[in-house]
Each structure stands twice: as structure tokens, then as C-alpha cells.
Amino acid sequence: MKIYRGTSASSGIAIGFVVKHEKYEILDKIPNSCIADSPDTEVKKLRSSLERFERHLEILMGSQESLFRELFEAYRIMARAIIEEAAALVISERICSELAVKRVFTSYSEALLRSENELIEMRELDLRNVVYEILKRIKEDSQDETLSAEQRFIAVADYILPTDLISLIRVGLKGLVTRKGGVTSHIAVIARNNEIPYIIVPMLDLESIKTNSRAIVDAINGQLILEPVESLVKKYMEILKNYEDLKVLTKPYARSNAVTFDGKKIDVLCNIGNVEEARLASSLGCDGVGLYRVEFLYTLEKPPSEERLLNALIRSAEFFKGKEIIIRAPDLGGDKPVPYLRLKEPNPFLGLRGIRLLLEYNKEILMPFLRAFVRAAERFGENLKLMIPMVSRVKEIYEIYSSLEMAIIETSSKLRADDISLGIMVETPAAALMLDLLVDTGLISFVSFGTNDLAQYVLAVDRTNEKLGELYNDLDPSVIRIMSIAIEKIKNKRVKLGVCGEIASRQISIPILIGLGIESLSVNPPAVGLIKYTISKLSHSKSLDLVKEITRSAISSEDVIRMASKLLISSGIKILR
Ligand code: PEP
Ligand code: MG
């Protein structure tokens, strides 16, 4: 048995047999010279491969509704262009079709990789995906574009391409593990939308994994367990059954208001990162958006234009008409690098990130974003709210406010800065300890605890460092204590209290957050039912007692979990064990 820790990119649990997905060496196997006996036959092979690939794309698009239509449309265009160029090469140089495709690929791939830009590198993956699909069809020469029978398996790969992932899902994929990838990648979005548990494990030793051996993907706790002992498989079978049962039980709660049984209403908003996720979240019962991570738009080769930002904000907000939508100003730097800024910092998490970076790159990044925000706010009114990440000093709020005033002037908007609901994230110990004075600026109407970062700065544990995995725990009593201290400081002030870190998506944290006085939770969309169910069975007053007990006597996260579980169980709540 071997256990790897990883990052969960799509929650859930899968138990199954490993299938190694190692198909992409097809390109390396093509010889560097090969003569075409009949150029016409080679061109025919190219065209037939294109035709079949287009049919395959149709099948995939059918299963994904509109979700990846744009991406697959782009694949279609790319494939046509590659085939045209390859056909011309076959004729002019009398080479075989596979080599021609490889040459076209190599010329574009090298150019894309030379840019040393993360997003362009992602495009190289798309190009590779298309070329791989074309080559596969030239080689196999099969007419069949249907997908084969259902099995129960876990795919393990260095990386995987979108078309392959969707094909695997259609033949019964239960879980996914890759060495490369990001939580915000296309792959992660497809996995989340299809409820495929997915973890990214950079340290994975692919060579040592045996095909058809058993594995457990625990994407709730970010673990991959290879060749588990029988007792663990049994335990996970129970957890999985419990997880599935709980999903069925809690689903109907997603569309109702979440009110504790002693009458305290809690808003359950959602975390989203792009227009597609907005669409998905709106269909799952979210009461609004508590955190729109716009950083996805900043992974391009240059910052997005004002128009592009405006378009993304409007298209996303359309799904939540009449509901609250909190847009976070881009939280760049730290774990969200921006290739074009070429930041070279010894310690990015303590460097130029969040609001500091926005103020430093005022003209290039902050102002276009604020202008787009103001224009979107004209359309959606006070429901569209602005949230500032990584605040640590009072001065930063005044600076953001004057930039907002400037954006209003520059867009000739009729709004006044006071019309816009401004909030801050509490992610640094400084913000927590200064919260009363931050609020006393009179410019803030809500605060949202970003517990992912707050935990890393309180505990001095890098949230991305695999080796410190055990030490990073957002349910550490120190995290609960600092939240309680911060909230106490603003007890009588009129600001709405929210949480948008991962802690809000976990059932065990709910009584703690309610007991702390949190009024609004922003969760991952598939968790809405579970969280609303849990709230509806809880007592607000007992949750207050729980927090008193935790802040007084808990000495470890295990203590916190034990105390919170006790309240959940005694309240008759079915829990995820
Ligand atoms: C957080 O830090 O809790 C948060 C929500 O922000 P992010 O995870 O995007 O840094
Ligand atoms: Mg954060």
C-alpha cells in the first residue's frame, strides 16, 4: 500500500482499478523520414482522419451540451488548418501523411513553447490534443467513432487532454489522477462538472504503478491510495456509500433557503471562476456568488482588455439576476503567477500579491478591471459587489476607494463610489487584528474570511507545499481563535460577515462558522445541498456554545473536529465520515 498526498481539483471518492493513460508518445514514434509512394493516397488518409475526428467531436459535444462547444469548435478549426498544411507538405515534399502532420505540429509547438508563458503552453496542449486525435485516426484507420462499454476504472496519467477525458467519462471513468495540471484547468472543470473525483499529485511515480491494481481516490481529503489493504477498501466502501446516500438526501435542500431550526438565515453563495461555472452554479441552487475568482482571465499573454473583462462579468452575472454577486478584484501573485509581469521574488506568498500588486500595477491591471466593474455595476446595480483580496493595511482601502472614484470618472458613469458595495477579504493576521479599524473607514459593507490564506499565514505553513500537508489545517484552533477575535472587534458594526475559503464547503465546519456569527457562506457549487441541509438541522444557540468550547479548550484540529462532530450527531445530522 502506498499513499500520496495531492491537491483535490474535483471532490468525491472513487474506488476502482488503475488504467494508466500513456497514449501520447504516438508523436515520438513517427520516423523523421518517410517517402509517400502515392501522395494522393496519403492526402486521402488525411482527409478521412479529419472527417472522423469531426464526427468524434460531434459525439463529444453532444454529451457536454454547450459546455465545451467553444473549445471543440476551436479544435475543429485547428484540425482543418493542420490537415490543409499537412496535405500541401505531402504533395510538395512527397512525404507520408503522419510525418507531414508531425512537421506541422513541431513548427507550431516550438513557437508556442518558446513563449515561456503558461497559457500559451496550455494552447500547446490543445494543439497536441488535436494532432494526437488526427494521428490516431491515420494509424488505426477504423471507421468506428462510438465509445466502448462501461467499466469502473481510475485513470492515472502524467497529464490528460480534454477530448480523452470526455471519452473516458463516457466509458465509465470513476476517478482521475494526474501528475500535471491545475485546479483551474479545463480538465478540472470537466471533472467537476461530471462529478469525477480528481486529484493532482505532482510527486506521483507513474512507473511504479501497476495497471489493473486497486486504487482509492479520496478527493475529499486529497489522497491517492495505491494497492490499499482490504480493511481500508472496506472502510472506503462505507464512506463512498455514505457519501452517495448523503448526496441523495441533501440534494432537495439545494433550492430552499438555509435557515437554522431556531430561525437564523444563512446565505449559501457559490465560488465560481468563469462563465461556464456561473451557469453550472446557477443551476445547482446557489443563492448568489460569494467569490468570483477572475484570475483565470489573467493567464493570457497579456492582461485582459476592459471589454473582455466586462463581457465575462456581464455574461456570468446574467445567470444570477436579482441575486448578490461578489466579484473579487484579481488576486494575482503568490500561487497565481502572472507570466507577463515577470515577477521574480524570493518568497511570492509574502511578496507582491493581491491588493499590493493591484496598487503597484494600477494603470495596467487595477484600472481596466475597475472600469469594467463599474460598467457592469451600472447594469446590475447594487447586487454586483466588489471584494478586495489580501488586505493588510487601512491605507489600502483608501487607495482602492480613490481608484474606484477615478474609474467612475473615466467611464463617465452616473454611479457614485458610495453606491458600490465594497468589501474586503480577511486573509492575513493583520487584517483580522485590525478589522475594527478597517471597518471604521466607513467604506466597507462586508467582510469575507479567506480561510485558505488565513490558515497559511496564521500557521506559517505554505498551503501549496506537499511536504507540509499534515501541518496545513484550516480547522486548527488558532484559525478559529483569530476569526473569533476579529469578529468580536466588529460586533456592533454594520457589516455583513462571510466566509469564502474551502472551509465553508465542508460539513464539519458549518456549526463552527454559524457559531462564530457568519451570515454568508460561499461554497463550491456541488456542496450547496449538503451545506444547506446541515444548516437547516442545526441550532444557532448550540453553535454559539460550540465555538465558546472550542476557543476555550481545543488544543488541536482533532479536538475541533471531535467537538463539532458531537454537535452534528446530537442534532440528528447525517455526516460524512
Ligand atoms: C482564500 O484564501 O480563502 C480564498 C478564498 O482565496 P484563494 O483561495 O483564491 O486564495
Ligand atoms: Mg486567498
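Ser520, set aside from its neighbours within four places in sequence, is in contact (heavy atoms within 4.5 Å) with Ile266, Asp267, Leu269, Lys496, Leu497, Gly498 and Val499. Ser520 belongs to strand 17 (residues 520–523), where helices (H or I, at least four residues) and strands (E, at least two) are DSSP runs numbered from the N terminus. With a relative accessible area of 9%, Ser520 is buried; buried means under 20% relative accessible area, exposed over 50%, and partly exposed in between (1.4 Å probe, protein chains only).

The model is predicted: local features need pLDDT of at least 70 and side-chain atom pairs count only at pLDDT 80 or more, while totals for chains, interfaces and linings use all residues. Residues are numbered from 1 along each chain as its sequence is written, chains are lettered from A and ligands numbered from 1 in the order in which they are written, and side-chain values use heavy atoms, with hydrogens and water left out.

**Nonpolar cores**

- A nonpolar core is a set of buried Ala, Val, Leu, Ile, Met, Phe, Trp, Tyr and Cys residues joined through side-chain atoms within 4.5 Å.
- The largest such core has 110 residues, and Leu435, Phe449, Ile512 and Leu521 are those with the most contacts inside it.
- Helix 11 (residues 362–380) supplies the largest share of this core, eleven residues.
- A second, separate core has 52 residues, including Ile30, Met61, Val90 and Ile138.
- Apart from neighbours within four places in sequence, Leu435 is in contact with Ile424, Val426, Val447, Phe449, Ala486 and Ile490.
- In soluble globular proteins, nonpolar side chains tend to be buried together.

**Magnesium site**

- Glu427 (OE) and Asp453 (OD) coordinate the magnesium ion (ligand 2) at 2.0 Å.
- Glu427 lies in the loop between strand 14 (422–426) and helix 13 (429–433), and Asp453 in helix 15 (residues 451–459), so the pair ties together parts that are 26 residues apart in sequence.
- Glu427 is buried, at 2% relative accessibility, and Asp453 is buried with a relative accessible area of 2%.
- Donors are N, O and S atoms within 2.8 Å of the metal (3.2 Å for Na, K and Ca); water is not among the atoms, so sites may look incomplete.

- Leu433, Met434, Leu437 and Ile485 form a nonpolar patch on the surface, with about 330 Å² of accessible area together.
- Ile485, in helix 16 (residues 477–489), counts as partly exposed because its relative accessibility is 42%.
- Asp245 is placed in helix 7 (residues 230–250) and is partly exposed at 40% relative accessibility.
- The C-alpha atoms of Asp245 and Lys574 are separated by 9.5 Å, although these residues are 329 residues apart along the chain.

**Backbone with positive phi**

- Arg94, which is not a glycine, has a positive phi of about 55 degrees.
- Arg94 is found in the loop between helix 2 (69–93) and helix 3 (97–114) and counts as partly exposed at 44% relative accessibility.
- Ser412, also a residue other than glycine, has a positive phi near 50 degrees.
- Ser412 is found in the loop between helix 12 (394–410) and strand 14, and its relative accessibility of 64% makes it exposed.
- Glu195 follows helix 6 and has a positive phi near 55 degrees.
- The buried residues of helix 6 (residues 186–193) are Ile187, Ala188, Val189, Ile190 and Ala191.

Definitions and conventions
Patches are made of residues with over 30% relative accessible area and no salt bridge: like charges are joined within 9 Å, nonpolar side chains (Val, Leu, Ile, Met, Phe, Trp, Tyr) within 5 Å. Accessible areas come from the Shrake-Rupley method with a 1.4 Å probe; for residues, only the protein chains shown count as cover. A salt bridge is a side-chain nitrogen of Lys or Arg within 4 Å of a carboxyl oxygen of Asp or Glu.
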